[in-house]
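Notebook open, viewer running. I want to look at the ligand site and then at the sheets.

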Amino acid sequence: MIKTQSNMRIIDQLQEQNNRFDEAIESLTATKKSLQPKFLYDKYGSVLFEQITQLEEYYPTRTELSIMEGSLDEILRHISSRSTVIEFGSGASRKIRMLLESGMIDEYVPIDISKSFLMESSEQLSVDYPAIQVTGIVADYTNELNLPKELMDATKKKTVFFPGSTIGNFEKKEAHNFLSMIAALLSSGDGLLIGVDVKKAPRILHNAYNDKEGITAKFNLNLLTHLNRELGADFNLNQFEHYAFYNAELGRVEMHLVSMEEQVVTIGNKSILFNNHETIHTENSYKYSISEFQQLASSSGFVLEKTWTDPKELFSLHYLSVL
Ligand code: AVI
């Protein structure tokens, strides 16, 4: 455990998950090559994602923030005072600050896969909010998650905060399993505040994942740099291109890396052949109509308390509770 402030501690569970790169090799050697989107988030990937959230084309972050600003009092009424807030995939903390400012939260538990990013943001938050206990957990929450027992104290109200439509990066079945896992983790009266991107005109979606500055392309390609570093792979970034499009039939934006020639990449003792224009599927970002998401939530064990949206219905925020 790492402690730099008296009200902050970091628990690293990622070391126990050191087989996580086995998945990468397995999915790269499958007939249809893919890589799990979690590998997008090393330290530089997290920085690039923050830059994406500021892009003109990437409407989700600012729209979700505006929904939160407009309905903050009502949102806070759902989160009782002296409660614990657990955030999955915490990132740069702009949204959580709106909740922490309220003075209603005793303990904040950010969970993120990027250790350095989590440490920096936890430290800053513990300095800015000295009355709040900050317990950062470094973990891959897409795998099984073991939260420390004291956090799961059923006498204390808990709210899970899962903003940014990260739920869209799960396959439909996985999203259902993940939400069910959260519902099982919580006790009666606890809640989940979750942000979900809404289906819309393909052009808006296309632009959001194909920005003019090319930041999303860098973010996608950085995945290969991450694997080169962690697995000693020899991907040549000049021989792959970012490709993202909206698959309307499946209701998702797909991100791929396209091999721009026939080439062989080596990872350890494995040689992987890429045909010209063969792709590695690196991310899905599912979009849900408001009713589709409400159905998913109720089939996963939650009761819908309230849905907020913006005037153009670009994005939705839901407060769900456990009976
Ligand atoms: C984190 N996640 C919700 C983002 C998304 O929109 O799916 C990641 C991202 N990928 C490309 N741009 C942003």
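**Entry 1: the ligand**

First a reminder to myself that this is a predicted model. I started with the residues around the ligand and got 14 of them, with Tyr 58, Asn 169, Tyr 209, Glu 283 and Ser 285 coming nearest. Then I went through polar side-chain atoms. Tyr 58 has one at 2.5 Å from a ligand oxygen. For Ser 285 I noted 2.7 Å, again to an oxygen atom of the ligand. Glu 283 puts a polar side-chain atom 2.8 Å from a ligand nitrogen. How much of the ligand's accessible area does the protein cover? I got 98% of the 340 Å² that the ligand has on its own.

Next I sorted the shell by class and counted seven nonpolar residues, six polar and one charged. I also looked up which elements contribute. Helix 2 (43-53), helix 9 (215-231) and strand 11 (279-286) each give the shell at least two residues.

I traced an open sheet of eight strands, and its order reads 1-4-3-2-5-6-13-12 with mixed pairing. Which strands stand at the edges? They are strand 1 (8-12) and strand 12 (303-309); each has a single partner strand, so one side of each lacks a neighbour in the sheet. From one strand to the next, I get an average twist of 20 degrees.

I picked one pair to follow in detail. Strand 2 (residues 83-88) runs parallel to strand 5 (residues 158-162), and the two share four bridges. Within this pair, I noted Thr 159 of strand 5 as the bridge partner of Val 85. Then I checked helix 3 (residues 59-70), which packs on this sheet and touches strand 5, strand 6 (191-197), strand 12 and strand 13 (315-321). The direction of helix 3 makes about 55 degrees with that of strand 13.

How many bridges join strand 8 (residues 252-259) to strand 11? I found seven, with the strands running antiparallel. Among the facing residues I noted His 256, opposite His 281 in strand 11.

Terms used. Residues numbered from 1 in each chain as written. Predicted model: local features only at pLDDT ≥ 70, side-chain atom pairs only at ≥ 80, totals over all residues. Heavy atoms only, no water. Near = heavy atom within 4 Å. Polar contact = N/O pair within 3.5 Å; in protein donor to acceptor, adjacent residues only side chain to side chain. Areas by Shrake-Rupley, 256 points an atom, 1.4 Å probe, with all protein chains shown as cover. Nonpolar A, V, L, I, M, F, W, Y, C, P; charged D, E, K, R; others polar. Pairing = 2+ DSSP bridges. Axes fitted to C-alpha atoms, helices over the stretch in contact; angles between N-to-C directions. Contact = heavy atoms within 4.5 Å.
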